[in-house]
Structure formats: C-alpha cells, structure tokens
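Please look at the sequence and the structure before reading on.

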Amino acid sequence: MPRPTAAQLAYGSCTVIFSTLAMLLLSQTSSGLGIAVITLAALALGVLVAMTVPLPKPRTVAAPDGSRVREPVADERVTARREPVAAAVDPVREPTAP
C-alpha cells in the first residue's frame, strides 16, 4: 500500500477541520451524540477527499532515438555505487602550557 503524499495529508486534514467546524456551527448541536456523529462524518469525508487527490503521474522523457522513456518513480529503488573518499588528516593544534 503506497504511503500518502503531503498533498493528500494536507487536503484530508483541512477537510476534516473545516467540515467539522461548519457542521457544528450549522447544526448548533450541544449533545455528545450529535458531536460524535458530526466528528465521524467529517473524518469519513476527510478520508474520502484524501484518497481522491490525484497522484503524480510518472513523467516520460524523449530518448535520443525519439521514443518515449518513463522516468523512475520515487518508490523504485535506484542503486548507486559509492566510491570511498580518502579523508585528509590535519594535525590537531592544541595550545601549549606557558
């Protein structure tokens, strides 16, 4: 199961907050059951909005021969070969006692 994107989290959270406030203000309910029903409805609406946010589509780039090639998606693992780098050794300079 793919992880939600930042846009999905933002849209879903804003939907939950604003729809809860709007429904509470419009219904003017003060009972615990009414508040619980409104909260659950807002949560369901927020999940629905977050799941319907369009996901980014994989981009295609033109290859040198004119054909279209798909770029790797962020979820695909790309292995890179790392070369060790020799660290420069600098002497530590400490103050001497007078």
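## Confidence of the model

The model is predicted, and the mean pLDDT of the protein chain is 79. Of its residues, 64% reach 70 or more.

## Overall layout

The protein chain contains two helices and two strands. Followed along the sequence, these elements give the pattern α-α-β-β.

The protein chain has 98 residues, and 12% of them count as buried. Its accessible surface is about 9,000 Å², with 65% of that belonging to carbon and sulfur atoms. Contacts between residues at least 6 apart in sequence can also be sorted by separation: 36% of them join residues at least 24 apart.

## Residues of helix H1

Helix H1 covers residues 6-27. Glutamine 8 is in this helix. Is glutamine 8 buried or exposed? Its relative accessibility is 7%, so glutamine 8 counts as buried, the cut-off for buried being under 20%. The side chain of glutamine 8 reaches the backbone nitrogen of threonine 5, at a distance of 2.8 Å.

Phenylalanine 18 and threonine 20 can be read as a pair of cases. Phenylalanine 18 counts as exposed because its relative accessibility is 56%, and exposed means over 50%. Threonine 20, in contrast, is buried, with a relative accessible area of 17%.

Helix H2 spans residues 32-52. Which residues does threonine 20 contact, leaving aside its neighbours within four places in sequence? They are Thr15, Ile38 and Ala42.

Phenylalanine 18 and alanine 42 are 24 residues apart in sequence, while their C-alpha atoms are 8.5 Å apart in space. Serine 27 and isoleucine 38 are eleven residues apart along the chain, and 9.2 Å separates their C-alpha atoms.

Serine 27 belongs to helix H1, which is made of residues 6-27. With 38% relative accessibility, serine 27 counts as partly exposed, because that value falls between the cut-offs of 20% and 50%. The side chain of serine 27 reaches the backbone oxygen of methionine 23 at 2.8 Å.

Glutamine 28 is in the loop between H1 and H2. Glutamine 28 is exposed, with a relative accessible area of 67%. What is the phi of glutamine 28? It is positive, at about 50°, although glutamine 28 is not a glycine. Most residues other than glycine have a negative phi.

## A nonpolar patch on the surface

Which residues form a nonpolar patch on the surface? They are Leu40, Leu43, Val47 and Met51, and together they have about 420 Å² of accessible area.

One of these residues, methionine 51, is in helix H2. Methionine 51 has a relative accessible area of 55%, so it is exposed. Residues of a patch need over 30% relative accessible area, and the 55% of methionine 51 is therefore enough on that point.

Methods
Residues numbered from 1 in each chain as written. Predicted model: local features only at pLDDT ≥ 70, side-chain atom pairs only at ≥ 80, totals over all residues. Heavy atoms only, no water. Patch = residues over 30% accessible without salt bridge, like charges linked within 9 Å, V, L, I, M, F, W, Y side chains within 5 Å. Areas by Shrake-Rupley, 256 points an atom, 1.4 Å probe, with all protein chains shown as cover. Salt bridge = Lys/Arg side-chain N within 4 Å of Asp/Glu carboxyl O. Helix = DSSP H or I, 4+ residues; strand = E, 2+ residues; numbered from the N terminus. Buried < 20%, exposed > 50% of the residue type's maximum accessible area, 1.4 Å probe, protein only. pLDDT = per-residue confidence, 0-100. Contact = heavy atoms within 4.5 Å. Polar contact = N/O pair within 3.5 Å; in protein donor to acceptor, adjacent residues only side chain to side chain.
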